[in-house]
Amino acid sequence: MTTESDRLTPAQLRTLFLFESLDEGQLEWLAERGRIEQRAGGTLVYAEGEPGTCFFVLVRGAVVLSRQVRGDDVEVSRTDQRGVYGGAVQAYLGDQVDQIYRNSMRAVVDSDFFVLPAEDFAYALRSWFPMPMHLLEGLFLGLRNSQVIVGERERLLALGSLSAGLTHELNNPAAAAVRATSVLRDRVAGMRHKLAMIADGRLDGRALHGLVALQEEAVARVATAPKLTPMATADAEDTLTDWLEDHGVGGAWDLAPILVGGGLDAAWLAQVKAAVGAADLEAAVRWLTYTVDTELLMREIGDAVTRISGLVDAAKQYSQLDRAPHRVVDVHDLLDATLVMFKGKIPAEVKLVREYDRDLPPVPAYAAELNQVWTNLIDNALGAMGEKGVLTVRTGRIGDQLTVEVTDTGPGIPPEVRPRIFEPFFTTKPVGAGTGLGLDISYRIVVHKHHGDIRVETEPGRTTFRVLLPITEGAPD
């Protein structure tokens with residue numbers, strides 16, 4: 001219960017370090033407007049999230065400050081030092097920020113507080129210290145705006161880098177599809193020409209019907225053609241080349257690789273000879289070769305288009321288009337989508353290892369923002385290793401938390417740097433190569449927005465960033 005007693009005198013106020021440099025007039029002004037309030041041990045002085053109406057200074061006793069994390073009070077600090085303060089500490093910013101209490105204060109033992117209304121505290125700061133207030137206000141708002149602007153720049157740079165890699169990945173199957181389409185057009189034209197030669201009256205209907213049946217069989221063989229080793233392929237091509245040359249078919253060295261690729265052999269070509277006769281064998285073989293080549297080219301186009309579709313799906317998964325911001329997700333899908341975006345950026349001598357625990361349940365999360373965390377951690381890992389190393393992405397579980405680890409085999413983080421890696425704007429990269437917000441953004445996404453944790457273990461040759469996410473649903477921040 002709050003009670004009000006005598007106010008502090010100017011002399012008593014001066015014993016508090018916060019006011020020791022004020023002049024008599026300022027102390028008297030504070031003494032007139034402030035009051036002493038008492039709190040019993042264990043009672044709440046003010047609660048996080050409530051309107052910030054007062055500025056509190058500890059005169060006697062002890063207090064603990066705490067923050068809400070997933071509905072639990074997490075202790076931030078505990079002290080019995082006279083003069084420590086809390087409450088409406090940002091009152092001087094006025095309506096530029098939400099005037100609420102940023103934490104909770106609780107009396108540990110019976111305590112006395114000097115309490116000043118927030119509007120009086122703001123007036124005193126602005127009137128008595130105009131220049132420091134301008135500097136402090138500029139620092140606070142400037143830092144906040146810089147974080148927003150540079151954070152957007154950081155995301156744009158990451159997006160540009162990933163877009164370049166995605167474009168490179170899309171270009172390969174797209175170019176293959178264009179090339180195969182061009183060749184396919186020529187093969188279809190050649191097949192029409194050879195069919196006209198076969199059907200110019202030299203073959204009776206029964207022979208032509210048998211040839212068409214062999215064509216259908218050739219198409220079926222293409223679909224089930226076995227994968228041969230390079231040595232077995234060379235031997236099969238040599239055997240088929242000899243057979244074609246022995247039977248007077250020109251250009252055997254060009255035809256044999258296509259026929260072998262379609263799963264055709266000399267025994268099958270013997271059936272073609274029996275169906276059409278020796279005189280029309282070359283035209284029939286070339287027509288069937290066009291058929292096989294057409295099927296192979298269509299398969300190549302299908303594979304290329306499937307690859308493009310897969311890349312587009314991965315990009316959509318990465319950006320989380322058309323998805324609810326907060327939903328239950330499988331982190332493996334998010335990790336795989338991010339790794340697809342990085343495929344063009346991973347050096348040839350960097351080995352990627354996935355160690356996934358597929359028994360992990362889905363977790364409630366902001367999927368697009370977690371993808372940004374994976375992007376930052378993977379990009380940093382690749383930058384640490386350079387052109388050679390091992391990148392390991394691992395998932396697991398610790399109690400009621402899901403873990404995602406990104407490990408690199410780089411030189412490690414120096415001891416003098418490690419305490420600062422999550423600081424805004426701190427970077428070890430050369431000028432222009434980094435903004436210093438990657439890990440700061442990751443920390444805020446994981447800790448503040450998902451109520452999880454992010455930790456680092458480092459030594460020469462091994463650095464692991466471990467993200468911990470709650471498996472059970474929590475109130476989204």
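1. Burial and overall make-up. Of the 477 residues in the protein chain, 42% count as buried. The model is predicted, so read every value here as computed from a prediction. The chain holds 12 helices and 15 strands. Among its contacts with a separation of 6 or more, 75% join residues 24 or more positions apart.

2. The α2/α3 pair. Helix α2 covers residues 24-33 and helix α3 covers residues 118-128. They pack at an angle of about 170 degrees. Their axes lie 11 Å apart. Angles over 145 degrees count as roughly antiparallel, and α2 is therefore roughly antiparallel to α3.

3. Who makes that contact? On the α2 side, the residues are Gln 26, Trp 29, Leu 30 and Arg 33. On the α3 side, they are Asp 120, Tyr 123, Ala 124 and Trp 128. By class, the contact has five nonpolar residues, one polar and two charged. An α-helix has 3.6 residues a turn, so residues three or four places apart point the same way. With that in mind, look again at Gln 26, Trp 29, Leu 30 and Arg 33 of α2.

4. Helix α7. This helix spans residues 252-261. Its buried residues are Ala 252, Leu 255, Ala 256, Ile 258, Leu 259 and Val 260. Gly 263 follows α7, and the phi of Gly 263 is positive, near 80 degrees.

5. Gly 210. Is this glycine buried or partly exposed? Its relative accessible area is 23%. Buried means under 20%, so Gly 210 counts as partly exposed. Gly 210 sits in helix α5, residues 205-223. Val 272 is 62 residues away along the chain, yet the C-alpha atoms of Gly 210 and Val 272 are separated by 8.7 Å.

6. Cavities. How many cavities of 30 Å³ or more does a search of the whole structure find? The search finds two.

7. Lining of the second largest cavity. One part of the lining is Gly 87, Ala 88, Val 89 and Gln 90. By class, the lining divides into three nonpolar, three polar and two charged residues.

Key:
Residues numbered from 1 in each chain as written. Predicted model: local features only at pLDDT ≥ 70, side-chain atom pairs only at ≥ 80, totals over all residues. Heavy atoms only, no water. Axes fitted to C-alpha atoms, helices over the stretch in contact; angles between N-to-C directions. Helix = DSSP H or I, 4+ residues; strand = E, 2+ residues; numbered from the N terminus. Parallel < 35°, antiparallel > 145°, perpendicular 65-115°, else oblique. Contact = heavy atoms within 4.5 Å. Nonpolar A, V, L, I, M, F, W, Y, C, P; charged D, E, K, R; others polar. Buried < 20%, exposed > 50% of the residue type's maximum accessible area, 1.4 Å probe, protein only. 1 Å grid on protein atoms, 1.4 Å probe; cavity = no way out; pocket = protein on both sides within 12 Å on 5 of 7 lines; lining within 4 Å. Points joined across faces, edges and corners; volume = space filled by probe spheres on them.
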